[in-house]
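Look over the model below.

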Amino acid sequence: MTPWLTVVGIGEDGFKGLGKNARRALLSASRIFGSPRQLELLPLCIVGERRQWPSPFSLDSLLALRGEPVCVLASGDPMFFGVGASLTRQLSTDEMLILPAPSSCSLAAARMGWALQDVVTLSVVARPVAALNAHLFNGTRLLVLSNDGQSPGAIAALLRERGFGPSRLSVLEHLGGDAERRINAVANDWSNPVIADLNLVAIECFAEADAPRLSRLAGLPDSAFKHDGQLTKRDVRAITLARLAPVPGELLWDVGAGSGSIGIEWMRAHPSCRALAVEADAGRQLLIEHNSDALGVPGLQLIRGSAPQALDGLERPDAIFIGGGVTREGVLDTCWAALKPGGRLVANAVTLQSETTLMAWREQHGGELTRIHIAQAQPLGDFDTWRQALPITLLDVVKPFDA
């Protein structure tokens, strides 16, 4: 199949910076799609009809021209947080030719002298700035695509709030063009200068001495979460997540989510991990929203309601954790029916009644039961003694592929 669509990555240097194939495609295109800024970079010799993307964004008008010689303009590399990814979900790669230019991150790494393979690349274009929280570690280097001219100030404020005020920021505007500019500052000293909407922020992270140290491994300190007591405690949480075994791209249902700790740590395991937190209590819903932002996973989806009714119509999960409500009629059975074959179900019980429910359910479906006893040394007069936390019964079962 001869491609009818050419996706042209264009930089700030415009048409003069394009290669021969990109120029030829633009000169022969009947229609050219792009943003107003991108279309303005084209010279008068490009006679194809120029079309701005509709708002809200849609590919329908482009797809209606299937078979005509059409071009799409994209900033830099179309496959790096660009329109190319959207197009490949709708079209076969045989139907289009993608001609990338250097991405803004490639240009920024060159300006900063940073090895691109050692840098974390992120985007806050139409995404919450809170997502950066999951990537803030002492010594880490980040390249962040900004949403607009306000993004650098919001990033600096977030760094200060998280105890990363000493971090060094470099705001790079109009990379690759005649108007290219670099502004260097420390997050603590950010003065909110006027910044062009087209910018990227390079961050060299430095933590204050008392900044919380939050690992990406399961088992964050309980103090990392705001909670009302309904929290799977640190050691039990680490054991539970080890049994849930998050894998990139998988979806978790956190049923009876409480403060959201299990779903949040599941998503922190890998950027592509997703979670639905099912919680009926309005106060705890607010805690989940706060904790997911504070710990860098604002994409956690909150389902407001009680199981099993609130589970109806949700995307089928790869793993399910039931932290509360195992004694409620239909919860275990509904979760089991929804779980994908090969998926993992983990349920924790504290009361005798919930433990009895898990034992009876195991008789039907199998799985392993584990009793978890955690004791901590605490003062007793002039000495120390062990204080036993309530024991936890954990059910861990994998759904057979023939179930």
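Buried means under 20% relative accessible area, exposed over 50%, and partly exposed in between, with a 1.4 Å probe and protein chains only. This is a predicted model: local features need pLDDT of at least 70, side-chain atom pairs count only at pLDDT 80 or more, and totals for chains, interfaces and linings use all residues. Residues are numbered from 1 along each chain as its sequence is written, and side-chain values use heavy atoms, with hydrogens and water left out.

Q: Is phenylalanine 80 buried, partly exposed or exposed?
A: The relative accessible area of phenylalanine 80 is 23%. Buried residues fall under 20% and exposed ones over 50%. Phenylalanine 80 is therefore partly exposed.

Q: How are the rings of phenylalanine 80 and phenylalanine 81 arranged?
A: Rings of Phe, Tyr and Trp (its six-membered ring) pair if their centres lie within 6.5 Å; planes under 30 degrees apart count as stacked, over 60 as edge-to-face and the rest as tilted. A search of the whole structure gives 4 aromatic pairs. In the pair of phenylalanine 80 and phenylalanine 81, the centres are 4.9 Å apart and the planes at 75°, so the arrangement is edge-to-face.

Q: What is the phi of phenylalanine 81, and where does this residue lie?
A: Helices (H or I, at least four residues) and strands (E, at least two) are DSSP runs, numbered from the N terminus. Phenylalanine 81 has a relative accessible area of 42%, so this residue counts as partly exposed. Its phi is positive although the residue is not glycine, at a value near 50°. The place of phenylalanine 81 is the loop between β4 (70-75) and α4 (83-88).

Q: Which loop holds histidine 174, a residue with positive phi?
A: Histidine 174 is not a glycine, yet has a phi of about 45°. With 22% relative accessibility, histidine 174 is partly exposed. Its loop runs between β8 (168-173) and β9 (181-186).

Q: In what order do the 5 strands of the open sheet stand?
A: Two strands pair if DSSP finds at least two bridges between them. The pairing in this sheet is parallel, and the order is β3-β2-β4-β1-β5.

Q: Which strands stand at the edges of that sheet?
A: An edge strand here has a single partner, so one of its sides is left without a neighbour in the sheet. Neighbouring strands are turned by 20° against each other on average, direction ignored. The edge strands are β3 (49-52) and β5 (96-99).

Q: Which residue of β3 is the bridge partner of arginine 31?
A: Strand β2 (residues 31-34) runs parallel to β3, and 4 bridges join them. Across this pairing, the partner of arginine 31 is glutamate 49.

Q: Which residues do ring pairs link into a cluster?
A: Ring pairs connect a tryptophan and two phenylalanines here. The cluster consists of Phe33, Trp53 and Phe57.

Q: Which residue lies over the face of tryptophan 336?
A: A charge sits over a ring if NZ of Lys or CZ of Arg is within 6 Å of the ring centre and within 35 degrees of the ring normal. At 5.8 Å from the ring centre of tryptophan 336 lies lysine 399.

Q: Which elements do the buried residues of α8 pack against?
A: In helix α8 (residues 261-268), 8 of the 8 residues are buried, so the helix is largely enclosed by the rest of the structure. Among them are Trp266 and Met267. Contact means heavy atoms within 4.5 Å. The packing partners are α7, β11, β12 (274-279), α9 (282-294), β14 and β15 (344-349).

Q: What is the phi of glycine 381, in the turn between β17 and β18?
A: Strands β17 (residues 375-380) and β18 (residues 383-388) pair in the antiparallel sense over 6 bridges. Glutamine 378 stands opposite threonine 385. The hairpin has 2 residues between its strands, and the phi of glycine 381 is about 65°.

Terms used. Axes fitted to C-alpha atoms, helices over the stretch in contact; angles between N-to-C directions.
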